[in-house]
Amino acid sequence: MQESVRDQGQAQGPSLCLEWKELNYYVPAQEQSNYSFWNECRKKKELQILHDASGHMKTGDLIAILGGSGAGKTTLLAAISQRLRGNLTGDVVLNGMAMERNQMTRISSFLPQFEINVKTFTAYEHLYFMSHFKMHRRTTKAEKRQRVADLLLAVGLRDSAHTRIQQLSGGERKRLSLAEELITDPIFLFCDEPTTGLDSFSAYTVIKTLRHLCTRRRIGKHSLNQVYGEDSFETPSGESSAGGSGSNSIEMEVVDQSHESLFQSMRELPTLNILNNSPNGTHKKAAICSIHQPTSDIFELFTHIILMDGGRIVYQGRTEQAAKFFTDMGYELPLNCNPADFYLKTLAEKDGKENAGELLRAKYEHETDGLYTGSWLLARTHSGDYLKHVQNFKKIRWVFQVYLLMVRFMTEDLRNIKSALIAFGFFMITAVTLSLMYSGIGGLTQRTVQDVGGSIFMLSNEMIFTFSYGVTYIFPAALPIIRREVGEGTYSLSAYYVALVLSFVPVAFFKGYVFLSVIYASIYYTRGFLLYLSMGFLMSLSAVAAVGYGVFLSSLFETDKMASECAAPFDLIFLIFGGTYMNVDSVPGLKYFSLFFYSNEALMYKFWIDIDNIDCPVNEDHPCIKTGMEVLQQGSFRTADYTYWLDCFSLMVVAVIFHIVSFQLVRRYIHRSGYY
């Protein structure tokens, strides 16, 4: 077996070979000791998921990773593709050259088990949107549209191009995810259970598409610049573009007339229609899939298989040679039996002292002893020229990333307009309720001073609570998309965060002024239009700051339920220091941590600072407040000329602080939990 594996690696000239050597992966585990209450503690241990996993894949291979539940299939897949975070040891190299994670994400794609995308987009919109991030920044819109059209045709979704993703079938969604990964035409594809949840025909179609991608050659030098830029595929100096047999450079193969009949005979394969626009020259693809119990016809599509048991590889080789490997150990493949079912059943059998998995692993380790401990399978010269054009790739600039993400957020909101209108309706019901409750305030008297203060405080509270709780679900719900797209380098996390915050700004100003309009027309209409503008601006800023507070709560906890439940202590502290429930001078300094204080103080200041006379009857028993200045002083609010603008600035500072902390929490969580 060792000789045959080496022959596979050295054959076919300048093919690309990805190798992994002695991969070990550990995750923290906790075990509770069984001692007395005082000695009871948790001991941190590490659980090993992968055990010295070594292997390789070369262009042209379609590999299936088979194994029972918990065998480590997905972990191995993520480890090889370097999408795994945590305590991972070992090496991953391309033709002998060590691969960094950012290099792997450029030459490979990872297809997750479950579709992670914006469900309100159509198939065409989704691919066109992703093409802006995954193709070279100089690619024209026409080239992007053509690429998307080719991909839709290649995966059989041309008729469903303008159907929303949420209305596509499971098989169509899986093929759409595959098309997304093919935008950059990566050499290596990593697919985590691509047939899960699909019927037999859809599953067969997906794997058949992968087989076509892996086993064909591709042409079309003119399209290389679309993905990687104009200077990415220059022929090395001193070498002709024709390329001799001894050349190690990766060059283009142009199909002449003698190949025309071959393409005509294979025209029924839909994936071949796109192959003329491939960015990767003569290289075939290599795909490796974790898969559960494939049918016999699906199993036959794979060129190689990897069998795993307990985090260890027990066999890796050609699909047709696996039966002989098992037969040599006394495990005869029955007639008319699905080979995949037989292999998995054999690995699961543990009759008495005989453990089939351990016996097969011992045989495999004996046959491959020394294969991955010495020099690598292929000379490292083959990959250098290929990686050169990968390094020339330039993404769109950060500003355009923010702009496109804002467009996606707003488009998604417009597509969900029904739920947005329902929420806005309840928001306006609250405004009408407050206007009815405080509509009897009338003129400014000693009895209405407290009513005005209460109405202003309710305005402030309603804006802050509405927006803060309205965004607490944002990050827990968006974490799968963020982890995947940021992890793949589609865009930066900072661009996503800034776009998310900016998308709330117009909504905050619109709702702030509409909400105030209903109440102002009923209560404060006698004060004029300038006060309306000032109060509306302050309420809008309060809403923007509340978005920062809500995002902070959302990023502090990993679920929206935890965020909403654990927000109570924060709300209580901020409300107490808001200036209504207690005299804030009794706790100097703490009031400046409260959003409610700045909002309430600015609104009170703007309303009362110009009031020079409040009706004060002679027969009143309680102390009489004669001016608006006295109202502000009684509430321990500042009365300087700059108070309003200082509070506006302070709201923005608090919002920025919340957003900085939130961004660090989200980045830390993604870095800790990984991308898949």
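**Legends to close-up views of a predicted model**

**Figure 1. The largest pocket and its lining.** Helix α19 contributes the most to the lining of the largest pocket, with eight residues. Helices here are DSSP runs of H or I with at least four residues, strands are runs of E with at least two, and both are numbered from the N terminus. The model is predicted, so local features need pLDDT of at least 70 and side-chain atom pairs count only at pLDDT 80 or more, while totals for chains, interfaces and linings use all residues. Residues are numbered from 1 along each chain as its sequence is written, and side-chain values use heavy atoms, leaving out hydrogens and water. The volume of the largest pocket is about 1,300 Å³, a volume being the space filled by probe spheres set on grid points joined across faces, edges and corners. A pocket is an open set of points on a 1 Å grid over the protein atoms alone where a 1.4 Å probe fits, with protein on both sides within 12 Å along at least five of seven lines; lining residues have an atom within 4 Å of a point. Of the 36 lining residues, Phe-409, Asp-413, Tyr-473, Ile-474 and Phe-504 lie nearest the centre of the pocket. Two or more lining residues come from each of α15 (398-415), α16 (417-437), α17 (446-470), α18 (474-487) and α19 (493-524).

**Figure 2. Salt bridges within and between elements.** A salt bridge is a side-chain nitrogen of Lys or Arg within 4 Å of a carboxyl oxygen of Asp or Glu, and the count by this rule is 14. Glu-365 pairs with Arg-361, their closest N and O atoms being 3.5 Å apart. These residues are separated by about one helical turn because they stand four residues apart in helix α13 (residues 356-367). In the salt bridge of Arg-638 with Glu-601, the closest N and O atoms are 2.7 Å apart. Arg-638 lies in the loop between α24 (628-634) and α25, whereas Glu-601 belongs to helix α23 (residues 595-608), so the pair ties together parts 37 residues apart in sequence. Glu-601 is buried at 0% relative accessibility, and Arg-638 is partly exposed at 21%; buried means under 20% relative accessible area, exposed over 50%, and partly exposed in between (1.4 Å probe, protein chains only). Asp-61 and Lys-58 also form a salt bridge (3.6 Å, N to O), and both are buried. A further network of salt bridges links Lys-134, Glu-180, Glu-181 and Arg-484.

Figure 3. Most residues other than glycine have a negative phi. Asp-52, which is not a glycine, has a positive phi of about 45°; Asp-52 is placed in strand β2 (residues 42-58) and is exposed, with a relative accessible area of 52%. Asn-336, also not a glycine, has a positive phi of about 55°. Asn-336 occupies the loop between α11 (322-328) and α12 (339-348) and is exposed at 86% relative accessibility.

**Figure 4. A nonpolar surface patch.** Phe-649, Val-653, Ile-657 and Val-661 form a nonpolar patch with about 350 Å² of accessible area together. Such a patch joins nonpolar side chains (Val, Leu, Ile, Met, Phe, Trp, Tyr) within 5 Å, from residues with over 30% relative accessible area and no salt bridge. Accessible areas come from the Shrake-Rupley method with a 1.4 Å probe; for residues, only the protein chains shown count as cover. Val-661 is found in helix α25 (residues 643-673) and is partly exposed, with a relative accessible area of 35%.

Methods: Patch = residues over 30% accessible without salt bridge, like charges linked within 9 Å, V, L, I, M, F, W, Y side chains within 5 Å.
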